[in-house]
Amino acid sequence: MVDFLAENNLCGQAVLRIVSRGNAIIAELLRLSEFIPAVFRLKDKSDQQKYGDIICDFSYFKGPEYYDSKLEAKPDLQDLDDEFRENNLEILSRFYLAFESVHKYIVDLTRYLDDLYEGVYIQQTLETVLLNEDGKQLLCEALYLYGVMLLVIDQKMEGEVRERMLVSYYRYSAARSSADSNLDDICKLLRSTGYSSQSGAKRPANYPESYFQRVPISSTFISMVIGRLRSDDIYNQVISVYMGITVNLVEAWEPYKAAKIALNYTLDSANIREQASRYSVSMEGLRPQIQQLLKEGFLREEIVLDNVPKLLNCLRDCNVSIRWLMLHTADSAYDPNNKRLRQIKEQVINDSKYNPKILFQVLLDTAQFEFTLKEMFKKMLSEKQLKWESYRAEGSERMTELAEVFSGVKPLTRVEKNENLQAWFREISKQIESLNYEDSTAAGRKTVQLIQALVEVQEFHQLESNLQVCQFLADTRKFLHQMIRTINIKEEVLITMQIVGDLSYAWQIIDSFTSIMQESIRVNPSMVTKLRATFLKLASALDLPLLRINQANSPDLLSVSQFYSGELVTYVRKVLQIIPESMFTSLAKIIKLQIHAIMEVPTRLDKDKLKDYAQLGARYEVAKLTHAISIFTEGILMMKTTLVGIIKVDPKQLLEDGIRKELVRRVAYALHKGLIFNPKAKTSELMPKLKEMAATMDGFYRSFEYIQDYVSIYGLKIWQEEVSRIINYNVEQECNSFLRTKIQDWQSVYQSTHIPIPKFPAVDESATFIGRLCREILRITDPKATCYMDQLNTWYDLKTHQEVTNNRLFSEIQDTLGTFGLNGLDRLLCFMMVKELQNFLSVFQKTILRDKAMVDVFKAMLSAVNPVKGIVANASKGYANAVAKTQKIWGPYLESIMKVGQMQILRQQIANELNYSCKFDSKHLAAALENLNKSHLPSPVLYDVDLHYNPAPVLYVVDLHYKPIYITTKRLPYFPIVNFLFIIAQLPKLQYSKNQGMTCRKATDPVDWSPLVLGLLTLLKQFHSRYTEQFLALIGQFIRSIMEQCTSQKIPDMPSDVVGALMFLEDYVRYTKLPRKVAEAHVPSFIFDEFRTVL
């Protein structure tokens, strides 16, 4: 009969493919369970309020029209729904495909069973498949894997969450309109069961059998495979289901009367005591035995070959004891709210004298013993034929030499010629030479006969008297014995060791030993070498899900291998992270000593002060701590490059990643805690906290500089890479609040799985420290409370006239967060400006342009000022009336304009600081960039060119001239006249001073000149240049008309409003770096000349 798993056996290959796919589906479900978007859990009140109306469970299907109409009635909700779809459809599709594959799996299994029943596979029926060993195993596995899938889904993805995700997918995807979609069947299969994995949660009625019955499976098939569990043994009442998912049968079988009665016999107190005591005694005996085997030089090749059964028994006993104790003492196997389970656990722990440290030590020793034995056997297997042939040649040669001795030709002390012995030894030599390696059974039998013949020849021919001949015979017998040992080295021993040493049951439980592992490493870093063997033993668990995938030649092999290998490598990193943590703890003490205890030795030193500067105690402490750091480094590097699953783990890379991870954790935490501000503080905490933070960052930097040589890493490179990553990630997360399509953690180029940047809960409206810093700067430089002096680059309080802050603030940020921090702030300010400008335009279109009275004023004003080149009659009255009628709209208008202007000032200060530090730190690079900018950027004269903002590093030294385009805009009616009326409405609130320029008249009616000018300038730049032309023409007409009126009324002094308007034009030209003729095109030069005398 054809082998069931042969490639040409369609029946076997079909079920093998199903089982292979089952293992791949479980890996995908486990992988996705780590990426469930938190919003679908609706745990936070904020999430419930925000998304409660757009995230629905299966109740949605009872009345989808009701939910959809509710959305359509609220445009804001509709907008939120669209945004939610854009951000989550990709991950929802991935989850749906996984859910769909579960349904497809059971449908395919049912179809396979139907095909068997209908005779599609020639000469194969369900009965014949179950009679075949492989067929029986595969069918059991197929059913078992389906159960595992459903349990994994229920344990890892709560029922309500599944329902919400499926409903969201249904609403957002094309599946609702697709005729061939099986979404209904998937929803029926995966609707909530009521099960909860939370501790103490009550088990739903008829669970899990009602869950398993949702897709009917042939009862005949189930009854035929019942009792045929997988190849795993059951060890008492706690069993491992799949890759460390454990089940306590006491709890699981509670609803089933017969099973419960059967189990109760084994759960008798005396029986538990007997079992626990047996394993306790076993552990006590095995521990010294395995330690003896691990002694240096004990496991030699001849001992191993002579004692294979004994060594395998020892290995088996160790693994069985470890498994029983691990499973029956695991916290995850016992519900703390179940009194009976608590009692059983306590009895097991007491009667087995359970000590987690001893169990862990036995696990370590067993893993090391197993690893050593495996390596020896692999080596012996690879050299098996070579050694066997070498022993055969040696034995044959010895016999030939003995034959020559008895020929009488070769002189040897007291050996007479004996032709019979000579012929006999020659024959033995030929017999040894004729032994065939390929026919190991016959060769082994013949070798035993040859050994016996050599023993007999020594006895019958009285050859004992000749020591040399005896030695030759003993050597030959030894070689023949070695040949028997070598021919008996079988691969079956390795297979047995693989089965016996399976640790897949501990895939999750092993985490409870992490603290013990880490403490062991902290005390003795060389412990890492022993842990390597344990990690490799754990890696053998990968064989369980990969076996069938490999047999089926499935393309899923790489994906599933990568997932489980990645999980294991993550755990290895977690355990070994204690080394970088311990190093940083020592490092913190070193820096403290260096800063606060050890005095810096001057270049010249008096002899009598030498002792004071020696500070031997402190320096000894530094040396001791440094030595400890180097010992930790040595410890991790002792772990050779290891293949964990399919991922190669390089200890040097592991150390560097660990150091990076610890650095990121500490720096991110320091930035989070250090940059929290109290907005109600009398004086701003900004500068003190920045100085404190700069000192902290300098401490980290110095410690890295100090450590790099002792641990052989590029300290400065790591420092710059990780700090930039932390800042860029936080900027990205902060900017997410301004984006419609958010950048999720798994999409971020700055976030990493192995070196994750921690996320902290928000303490205010900002998501991260960079947002808090930016909003604190905006708060203290608020134009409504401060006045910015452009000449001094300083902000003053409007009421007290005290200095609030100045450009040193940005130098302090540079010292604290570096170039990355300033660039990140700049980027965030750009997002804030975009938001502000968008809100402004929305208000302009929805409020101002829809107010008929306002529009009538604008129309009347437009007709009054036409033609713009002319003079407005009765100017003062005409302008004053228009301003008075539009007064109510200027409050929010002014606030928006000044916010934008304030952010532009901050951006320019950041650009100045970056420019300065670039020229100071790297003058040659700065000069090269400056030339590059000059050659590539358009001339400032072309002020209508759309120069889009781009925060690329090459533009650090670019002067942006306040000209970037932040938003796309459409044509707006009355836009130039509205802005003109706005600016002349603000002029009466301002006054000119020779020392201070344009300042606010009253602190109660604040207007800050620089933010006003820059805000309006920025707003105008978002539109076509003709709007700016019209606006400037209106300003020019205003100046000419008022001056004409003053001249006719013989008023000698230039009115303050005209001074303000001229100052606006002057500042406009200065900020935009445009030629003066732009302003002089609208205002006669003699007015400018007179204006300069006022200045």
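Rings of Phe, Tyr and Trp (its six-membered ring) are taken as a pair if their centres lie within 6.5 Å, and the planes count as stacked when under 30 degrees apart, as edge-to-face when over 60 and as tilted for the rest. This is a predicted model, in which local features need pLDDT of at least 70 and side-chain atom pairs count only at pLDDT 80 or more, while totals for chains, interfaces and linings use all residues. Residues are numbered from 1 along each chain as its sequence is written, and side-chain values use heavy atoms, with hydrogens and water left out.

With that definition in hand, the structure holds 48 aromatic pairs. One of them joins Y195 and Y207, which are stacked with 5.1 Å from centre to centre and 10 degrees between the planes. Both Y195 and Y207 lie in the loop between α8 (183-190) and α9 (209-212), and the two residues are twelve residues apart; helices here are DSSP runs of H or I with at least four residues, numbered from the N terminus. Y195 counts as partly exposed at 24% relative accessibility, whereas Y207 is buried, with a relative accessible area of 7%. In these terms buried means under 20% relative accessible area, exposed means over 50%, and partly exposed is in between, using a 1.4 Å probe and protein chains only.

A second stacked pair is formed by Y916 and F920, because their ring centres are 5.9 Å apart and their planes stand at 20 degrees. These two residues are four residues apart in helix α36 (residues 890-921), so about one helical turn separates them, and both Y916 and F920 are exposed. Elsewhere, ring pairs link F840, F844, W890, Y893, F975, F982, F1023 and Y1027 into a cluster.

Rings also meet charged groups. The charged end of R278 sits over the ring of Y279, at 4.8 Å from its centre, and R1070 lies over the face of Y1071, at 4.6 Å from the ring centre. Such a contact is counted if NZ of Lys or CZ of Arg is within 6 Å of the ring centre and within 35 degrees of the ring normal.

Another cis peptide bond runs from N866 to P867, with omega near -5 degrees, and P867 lies in the loop between α34 (852-865) and α35. Positive phi values are found in two residues other than glycine. Y974, in the loop between α37 (923-936) and α38 (975-986), has a phi of about 65 degrees and is partly exposed, with a relative accessible area of 21%. K1073, in the loop between α41 (1056-1072) and α42 (1077-1080), has a phi near 55 degrees and counts as partly exposed at 46% relative accessibility.

On the surface, V601, L605 and L610 form a nonpolar patch with about 250 Å² of accessible area together. L610 lies in helix α27 (residues 610-614) and counts as exposed at 52% relative accessibility. Patches are made of residues with over 30% relative accessible area and no salt bridge, with nonpolar side chains (Val, Leu, Ile, Met, Phe, Trp, Tyr) joined within 5 Å and like charges within 9 Å. A salt bridge is a side-chain nitrogen of Lys or Arg within 4 Å of a carboxyl oxygen of Asp or Glu, and accessible areas come from the Shrake-Rupley method with a 1.4 Å probe, where for residues only the protein chains shown count as cover.
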